[in-house]
Amino acid sequence: KKVGIKPIIGQEIYINQAGKVGHLTIVADGDSGVKNLIRLTNHVHKSSHTKRPSAILSDLQKFSKGLICLTGCPAAPTNWLEESEALKFVAGLKSIFDGRVYAEIMFPGESDTWTRPLFIAKKLGLKSVITNDVHFPYETDGELHPILTTMKAAFSYNSTRLWLKSPQEIMDIATSVLDI
């Protein structure tokens, strides 16, 4: 508070949709949101019997008070479901979160990760937010990232663009990609 930093408490959760696990970003809004985020996380870890504990829509419904939902990164169901199914999925989120769902736009790599969420936002009347996928602090750490992910999880990202960018860097990318 002394230096004007307002923390935003949230997490990327796993969501099981159509038998496949993807990502959603959930952000707490106030004390009730923080409590429900913790409750949601604990519930999912206790009730899920998969390698990656994942929520289902009814879990989100049960713990949605005080939470804000972003449609997720490129690994979210909104990006890999068929278009009509993605629209149904996000409409379900919109119903659960009652006006607290935003289309998440990010630019983690070279491939187009923004067209689908912008399409869904337009179709369902959602506002969009631009987020930054951060896997390492400095741009110069980019060349080490594929090595670390290969060692850690036996896969590698095709991007070195996952550093903690400044707001201006994010806006520069958004401006060049979205023609705004």
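How much space lies in the second largest pocket? About 570 Å³. This is a predicted model, in which local features need pLDDT of at least 70, side-chain atom pairs count only at pLDDT 80 or more, and totals for chains, interfaces and linings use all residues. Residues are numbered from 1 along each chain as its sequence is written, and side-chain values use heavy atoms, with hydrogens and water left out.

## The second largest pocket

The lining of this pocket holds 19 residues. Pro7, Ile8, Ile9, Gly10 and Val27 lie nearest the pocket centre. S2 gives the largest share, four residues. By class, the lining has 11 nonpolar, four polar and four charged residues.

The terms are as follows. A pocket is an open set of points on a 1 Å grid over the protein atoms alone, with protein on both sides within 12 Å along at least five of seven lines; a cavity is a set of points where a 1.4 Å probe fits but cannot get out. Lining residues have an atom within 4 Å of a point. Grid points are joined across faces, edges and corners, and the volume is the space filled by probe spheres set on them. Helices (H or I, at least four residues) and strands (E, at least two) are DSSP runs, numbered from the N terminus. Ala, Val, Leu, Ile, Met, Phe, Trp, Tyr, Cys and Pro count as nonpolar; Asp, Glu, Lys and Arg count as charged; the others, Gly among them, count as polar.

## The cavity

Rolling a probe the size of a water molecule over the atoms shows where empty space is left. The structure holds one cavity of 30 Å³ or more. The largest cavity has a volume of about 50 Å³. Its lining consists of Phe107, Pro108, Thr131, Asn132, Asp133, Arg161, Lys165, Ile170 and Ile173. Four of these residues are nonpolar, two polar and three charged.

Thr131 sits in the loop between strand S5 (127–130) and H6. Thr131 counts as buried because its relative accessibility is 18% (buried means under 20% relative accessible area, exposed over 50%, partly exposed in between, with a 1.4 Å probe and protein chains only). From Thr131 to Gly72, the C-alpha distance is 9.5 Å, across 59 residues of sequence.

Gln17 belongs to strand S1. Gln17 is buried, at 18% relative accessibility. The C-alpha atoms of Gln17 and Phe136 are 29 Å apart, with the two residues 119 apart along the chain.

Ala18 lies in the loop between S1 and S2. Ala18 is exposed, with a relative accessible area of 64%. Most residues other than glycine have a negative phi. The phi of Ala18, though, is positive, near 55 degrees.

Ser32 is part of helix H1. Ser32 is partly exposed, at 32% relative accessible area. Ser32 and Glu12 are 20 residues apart along the chain, and their C-alpha atoms are separated by 18 Å.

The structure holds one salt bridge (a side-chain nitrogen of Lys or Arg within 4 Å of a carboxyl oxygen of Asp or Glu). Glu85 and Lys88 form it, at 3.3 Å from N to O. These two residues are three apart in helix H4 (residues 83–97), so about one helical turn separates Glu85 and Lys88. Glu85 is partly exposed, at 37% relative accessible area. Lys88 is exposed, at 56%.

Asp98 lies in the loop between H4 and strand S4 (101–105). Asp98 has a positive phi, near 45 degrees, and is a residue other than glycine. Asp98 is exposed, with a relative accessible area of 61%.

## A nonpolar surface patch

Which residues form the nonpolar patch on the surface? Leu144, Ile147, Leu148 and Met151, with about 440 Å² of accessible area together. Patches are made of residues with over 30% relative accessible area and no salt bridge; like charges are joined within 9 Å, nonpolar side chains (Val, Leu, Ile, Met, Phe, Trp, Tyr) within 5 Å. Accessible areas come from the Shrake-Rupley method with a 1.4 Å probe, and for residues only the protein chains shown count as cover.

Met151 lies in helix H6 (residues 145–153). Met151 counts as exposed, at 65% relative accessibility.
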